[in-house]
Amino acid sequence: MRATRLAALLLAFVSPTALFAQDAPDSRLTGQDLFALEVAADPQISPDGSRIAFVRRANDIMADKAISSIWLVDSASGEMTPLAAGPGSHSQPRWSADGKRLAYVSTAEGGAPQLYVRWVGTGQSVRITGLPESPGNIAWSPDGTQLAYAMFVPAEGLKLGKAPEKPEGAQWAAPLETYDLLSYRADGAGYLKPGFDKIFVVPATGGAPRQLSFGPYHDGGGLTWSKDGKTLYFAGNRSPDWENDPQDAEIYALEVASGTITALTDRDGPDASPVVSPDGSRIAYLGFDDKLLGYHNTQAYVMNRDGSGKRAIAPALDRSIDSIAWAPDGQALMAQYDDHGETLVARIGLDGSVREIVRGLSGPSFDRPYSGGSFSVAKTGAVAYSGGSATRPADVMLASGGKTRALTRLNSTLMAAKRLGEVRKITTASTFDGREIEAWLTLPPDHVPGTRVPLVLEIHGGPFSAYGPHFSTDNQLYAAAGYAVVSVNPRGSTSYGAEFANLIHHAYPGNDYDDLISIVDKAIADGVADPDQLFVTGGSGGGVLTSWIVGKTTRFRAAATQKPVINWTSQALTADGPAFFAKYWFGKLPWEDQASYWARSPLSLVANVKTPTLVVVGSEDYRTPVSESEQYYTALKLVGVPTALVKVPGASHGGIAARPSQSAAKASAILAWFERYRKAAR
């Protein structure tokens, strides 16, 4: 009785709010938040510009992966409606020319992905194929009666000998695996089955597909139809020496009725992404003359539909074009390219003029702030694109009438509850030659100006790629833990012109080291970075430079090298691009110039390393194979450097952060490694 009265008395002095108070949610980004992130990708605007179909990627916490659905958003109101959002994965929405139907690829019924068509007016969808492999590069015929696509067709591989006859019911080992191609495995795909990508057409209302291309070549890149629907244009490497010369693709014309294939380009260098002009008279495409450089700017070209009259459009544009579409008037190309770490769309006139339409495109990846994105153009000239910022993943954006606006806000609820680190651009002159180097500095969310904090130098891969003001979970997680993060574009980075990128031609790693250290010193000089609390990490090419840095200096308290190349000889012979790396990055094979291979290998500096260095790699990495990381881990152990090896199970090179749990765990492991040595300094 007394206890009850005491409780009642206490309740009288306690506010109702306090009774239900809970611990306040963490306002900084956490690993758990990665499951709540969404991103818009592949926006496809309808011909009349009234609607945009896009792929909405959301992380599923139960499946631990991104689930793709297709949604429609009204260009005027921003109202969103699901188009293919049920079980399975849905992608590649493509409008018919009349805007009444959408083709897309889906696994809604289980098994291999299939082609579906949606009648937008009625909301009815029909599966029109029953394919053994996934279709890609889907393209509507101009009259809407057919769909073209590319699909892998298995072939008979090399067979050597055979096992004895197996008794009925016996449990024997798996049969031998035999490979005879130069590139016999690929990152993300694993060990390759014998066969080739081929071109097919299928009636848009369903029916039997018809194979149009044959032979021991991969066909089907950038499928597009002629205006009269009689010809398909595609890119492919049909050279007899295609295995050893991977950069020799051409544009081909494929007659749909007869299957006759005619080459429209013939230069030494890759030609790709053919797009037919609105009047059908010309074909725009991308490519470059192969000069065996580590990096080439991809240029835009136009030719007549028969392959005559080839010419470069805006050859003075010192940027590499990623994708193109014709402007509705047929007098210009709409082109996407990177400029100083940002991605933009520009109108490139056939007269060579260049006018920026919009910038701020962002890609669908989360972990690091790479440039990227995609766009499409309506007959009205309106441009739909995936756009974001340093603190917001990509949404569907619309540029029309000189104005831009966001049509979706996929992460508004999450971001309203989170304090993200401010991202600002910084520049400095390289101590090597005075060239201006750009970087983006991410500050801790509660950073007090004038207060020095630990600094993480985060280095991009490629090495021919670029960071910019794009959303990054890795950087925000590091910032949430109290670190400033600097993401640098050293020499070799794209988006600054061909000359800047090729400063590392046959010289990587090299003076990019000076550029990186110059930015670190700039962050110190600006009063942000604590010079006694420096850390370094990076993946792929960034892993190469991380390992190079700790072999050159002891300024960093700890390092985490992710999926690095340590020994260029073993990488050139075990990576999934054996015809590329030696030819373009060294100019000679390893046994022809072993001194150069060794001089540029971080393993050559391992005896100098004193910095505690974590080694991180995906267990199914075929680009910078697992053996590279294992070599370095073992070497560090042998020379007595504190180290640990972290493998991400089932992860490829490109997919090391694809599973949200693994992306969060990887960042957490790196932070734990840094924190161990950060605390040691206190």
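In β13, Pro-203 is the bridge partner of Gln-146. That pair belongs to the contact between β10 and β13, which run antiparallel and are joined by 9 bridges. The model is predicted.

**The open sheet**

- The sheet is open and has 4 strands, in the order β9-β10-β13-β14, with antiparallel pairing.
- Its edge strands are β9 and β14 (210–211), and each of them pairs on one side only.
- Strands of a sheet pair through backbone hydrogen bonds.

**Pairings within the sheet**

- β9 and strand β10 (residues 146–154) run antiparallel, joined by 3 bridges.
- Gly-136 has its bridge partner in β10, namely Ala-150.
- A hairpin is formed by β9 and β10, with 5 residues between them.
- In the turn of that hairpin, Gly-144 has a positive phi of about 75 degrees.
- Strand β13 (residues 195–203) pairs with β14 over 2 bridges, in the antiparallel sense.
- Val-201 has Arg-210 as its bridge partner in β14.

**The second largest pocket**

- The second largest pocket has a volume of about 1,800 Å³.
- Its lining counts 41 residues.
- Of these, Gln-44, Arg-94, Thr-224, Val-275 and Ala-325 lie nearest the centre of the pocket.
- The lining divides into 22 nonpolar, 14 polar and 5 charged residues.
- Strands that each supply at least two lining residues include β1 (38–45), β5 (90–95), β9 (136–140) and β15 (221–225).
- β19 (271–276), β23 (321–326) and β27 (375–377) also each supply at least two.
- β23 gives the largest share of the lining, 5 residues.
- β9 links the two topics: this strand is an edge of the sheet and supplies at least two residues of the pocket lining.

Note on methods:
Residues are numbered from 1 along each chain as its sequence is written. This is a predicted model: local features need pLDDT of at least 70, side-chain atom pairs count only at pLDDT 80 or more; totals for chains, interfaces and linings use all residues. Side-chain values use heavy atoms; hydrogens and water are left out. On a 1 Å grid over the protein atoms alone, a cavity is a set of points where a 1.4 Å probe fits but cannot get out, and a pocket is an open set with protein on both sides within 12 Å along at least five of seven lines; lining residues have an atom within 4 Å of a point. Grid points are joined across faces, edges and corners, and a volume is the space filled by probe spheres set on the points. Ala, Val, Leu, Ile, Met, Phe, Trp, Tyr, Cys and Pro count as nonpolar, Asp, Glu, Lys and Arg as charged, and the others, Gly among them, as polar. Two strands pair if DSSP finds at least two bridges between them.
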